[in-house]
Amino acid sequence: RDDDDINDVASMAGVNLNEESARIMATNSDLVGTQPQSCKDEPFLAAVPLHKRILETAKKLGITDVPAEVVTFISHATQNRLRTVIEKVTVITQHRMESYKDDEWYEQATDVRSQLKFFEQLERLEKQRKDEQEREILLKAAKSRSRQEDPEQARLKQKAKEMQQQELAQMRQRDANLTALAAIGPRKKRRLDAPGLLTIGGEGAGPCGGSQAGLGTASPRQYPRQKITRVNLRDFIFYMEQEPEMSHSLLLYRALLK
């Protein structure tokens, strides 16, 4: 009679509830009869200093008693807020460090660094040209032997003399550096097949003198290097500018003044 009942959805679908219950009991037999218990709630901030700080703020508003549940709630709220800030600033830092040079879907439109180098080179060439012109004027003034010399001519001669002394001092310094480098000799590079080093894919001499193949037998266990995300002040300022509650805060203006 139960199987023929049109309101019995399990029977109409062909599902036997007794078989399903037995199968669930057999699968999760280790969980049957267990009683879950909640772990102790650990506050994120120190309870005593936080409670003292809350009482100091509450007394200004006429509140004399603050229960411990409020301290725990504020501690958890602080932890959640700090986690949110760190997550958002981390995303901003990752976007800043992301490079699109090797991405085939992006094409470089402008290269500011190359433009700055080009302008610096132009300024260097212009300065070099002006220095050469000034040097020629000073050399001509130094070689002139006119009997009646005006103060301007005397000043140019004195400046030419100082320039020649400076060039002579630079040449002496350059010769001294070359002599010192020649006395030291060429720098010796450490050979890759020196004792104590291992080679990849071949035989390397271990620290005890025995030859060992590969890296597995002599090298210590290598752990994967954890990627470190470094957040700077610029990333945090950008985060505060995007947040509505912090875009006009005193903390943002203090950070901009640093």
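This is a predicted model: local features need pLDDT of at least 70, side-chain atom pairs count only at pLDDT 80 or more; totals for chains, interfaces and linings use all residues.
1. With which residue does D131 form a salt bridge? The partner is K127, and the closest N and O atoms of the two residues are 3.3 Å apart. Both D131 and K127 belong to helix α5, where four residues, about one turn of the helix, separate them. D131 counts as partly exposed, at 38% relative accessibility, whereas K127 is exposed, with a relative accessible area of 54%.

2. The protein chain has 258 residues, of which 11% count as buried. Its secondary structure comprises eight helices and two strands, and the order along the sequence is α-α-α-α-α-α-β-β-α-α.

3. The structure holds six salt bridges in total. Side chains of opposite charge can pair when their charged atoms come close. Besides the pair described in the opening point, two further salt bridges are discussed in the next points.

4. R96 forms a salt bridge with D235, with 2.8 Å between the closest N and O atoms. R96 lies in helix α4 (residues 68–97) and D235 in helix α7 (residues 233–242), so this pair ties together parts that are 139 residues apart in sequence. The two partners are set out as follows: R96 is partly exposed, with a relative accessible area of 37%, while D235 is buried, with a relative accessible area of 2%. The value for D235 falls under the 20% limit that defines a buried residue.

5. R135 forms a salt bridge with E167, and here the closest N and O atoms are 2.8 Å apart. This pair links distant parts of the chain, since R135 is in helix α5 and E167 is in helix α6 (residues 151–184), 32 residues apart. R135 counts as partly exposed at 30% relative accessibility, and E167 is also partly exposed, with a relative accessible area of 27%.

6. On the surface, F118, F119, L122 and L125 form a nonpolar patch, and together these residues have about 400 Å² of accessible area. One of them, F119, is placed in helix α5 (residues 112–143). F119 is partly exposed, its relative accessible area being 46%.

7. The largest pocket contains about 290 Å³ of space. Its lining consists of S99, Y100, K101, Y106, E107, Q108, D111 and R113. By class, the residues of this lining divide into four charged, two polar and two nonpolar.

Conventions. Residues are numbered from 1 along each chain as its sequence is written. Side-chain values use heavy atoms; hydrogens and water are left out. Patches are made of residues with over 30% relative accessible area and no salt bridge: like charges are joined within 9 Å, nonpolar side chains (Val, Leu, Ile, Met, Phe, Trp, Tyr) within 5 Å. Accessible areas come from the Shrake-Rupley method with a 1.4 Å probe; for residues, only the protein chains shown count as cover. A salt bridge is a side-chain nitrogen of Lys or Arg within 4 Å of a carboxyl oxygen of Asp or Glu. Buried means under 20% relative accessible area, exposed over 50%, partly exposed in between (1.4 Å probe, protein chains only). On a 1 Å grid over the protein atoms alone, a cavity is a set of points where a 1.4 Å probe fits but cannot get out, and a pocket is an open set with protein on both sides within 12 Å along at least five of seven lines; lining residues have an atom within 4 Å of a point. Grid points are joined across faces, edges and corners, and a volume is the space filled by probe spheres set on the points. Ala, Val, Leu, Ile, Met, Phe, Trp, Tyr, Cys and Pro count as nonpolar, Asp, Glu, Lys and Arg as charged, and the others, Gly among them, as polar.
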